[in-house]
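Let's take a walk through the charged pairs of a protein model. Have the sequence and the 3D view open, and follow along.

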Amino acid sequence: MSNLFRHLPSVDEVLSVLAGAEGIDGLPRPLVKNLVNEFLDICREEIRAGAFSKAEDLSAKALAPRMTAYVRSKARPHFRRVLNATGVVIHTNLGRSLLAKSAIQAVAEACGHYSNCELDLSTGKRGSRYSHVERILSDITGAEAALVVNNNAAAVFIMLETLAKGREVIVSRGQLVEIGGSFRIPDVMSKSGATLREVGATNRTHVHDYEGAIGDETAALMRVHTSNFRVVGFTKEVSLAELRVLGDRYNLPVIEDLGSGTLYSLEGEGLLGEPTVQQVVAQGADVVSFSGDKVLGGPQAGIIVGRREYIDRIKKNPINRAMRIDKMTLAALEATLRLYLDMAEARRRIPTLNMITASPEALKSKARRLADAVREALGDRGEVNMRKGFSRVGGGAFPEYDLPGTMVAVAVRGVAVEDLRDALLDTDPPLVARIEDDEFLLDPRTLASTELKLAAHALEQAVAVLTK
């Protein structure tokens, strides 16, 4: 055994063998050197375990294939592309919405060159970064003014901290929602310095409940859209129009947190219950907040629109500095919003909307192409079938609605579906799908047409490892 250890190649010898290798050439030399040392340590452990018996198997040339694969695998960026075959369009774990091509180009332009991020080109003096999106947000939503912060939780926080710190905000008990990451409306309200005044019951709240709670300490009336759940049955909630009347009567602002928020009406697609931002503004909300990276289909952002007197106060809040968005978000958001100037173009060119509104016929055709690619990749090692199934919007939107489509079911002989799922997390790129009723399913809705062969290749990689 001690003799075998002496036959392990030196680090410099290995580096010489790896020089110019595809996927390794161009990597920082210190990184490659560390990974080579790790690999050689693995070889030493294998020698101790009796995995090697011949000295020639330990030469740099003999170890090169394994070593190359090891370095490539370990040198991959930790944050990287993933193929989404889950059918969940706005998948929080997978980065939520995909950007439109024009938004991607805008980000590249913003990153690769200097820009007028805070330069007023009409005067040559310092300008406001919010000017790049405020006008277009007002044009689309009908609001007087707008502000963008780094996410909707920040938007809710700064709204409350500005307009209600040290005073009460009245909210229906049935709207005290929790979203992902244990973000709860009562908690953010407490952190903002505002005091929550709950009214009504979980399932029924009336106008008189709000009116009975109004007092000298009341700062605002607030509605929170329950986008990630529905209360059905014996229910009653106060409409925005009713709150508007109450707000006018007592000279109180009416705030609406839309959560996901959408600029495109999906009622024509059979998806009900999500009012558009335009509708909420038209119905009289003074301040409205919503996300940029969910149904809107843009970058992560918290968008606040409403009456100028309130938006101006929020802009002047010193906390705004800690929540402001960077040039990449600005570029992506403006490019995304420009598509909404033509709703038909928005539906066609914004990936989130395009996936949500994809027709059953188009999805069946895509599923057929995916199934063919997987059959070709797996050969006689797997069985591939198509069947009807359902996708989800995700992102806390339309929780009670399924999107009909066609799934591709894959079964690999001698391989459990859980093992296949786990092996696909280590392919290049990783593939994430779902398991239903002990079936491994690929949903083509969330795969681009250019990704179908990549998905098939990922399955081929995983099956090769599992069946070797």
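Asp-422 forms a salt bridge with Arg-421, and their closest N and O atoms sit 3.2 Å apart. That term means a side-chain nitrogen of Lys or Arg within 4 Å of a carboxyl oxygen of Asp or Glu. Asp-422 is partly exposed, at 42% relative accessibility, and Arg-421 is partly exposed too, at 36%. (Partly exposed lies between buried, under 20% relative accessible area, and exposed, over 50%, using a 1.4 Å probe and protein chains only.)

Salt bridges can also share partners: Arg-244, Asp-248, Asp-286, Arg-307 and Glu-309 are joined that way into one network.

A quick word on where this comes from: it's a predicted model, where local features need pLDDT of at least 70 and side-chain atom pairs count only at pLDDT 80 or more, while totals for chains, interfaces and linings use all residues. Residues are numbered from 1 along each chain as its sequence is written, and side-chain values use heavy atoms, leaving out hydrogens and water.

Now look at Arg-387, which pairs with Glu-436 in a salt bridge, the closest N and O atoms being 3.6 Å apart. This one links distant parts of the chain, 49 residues apart: Arg-387 is in strand β14 (residues 382-394) and Glu-436 is in strand β17 (residues 434-436). Strands here are DSSP runs (E, at least two residues), numbered from the N terminus. Arg-387 is partly exposed at 28%, and so is Glu-436 at 31%.

How many salt bridges does the structure hold? There are 29.

How values were computed:
Helices (H or I, at least four residues) and strands (E, at least two) are DSSP runs, numbered from the N terminus.
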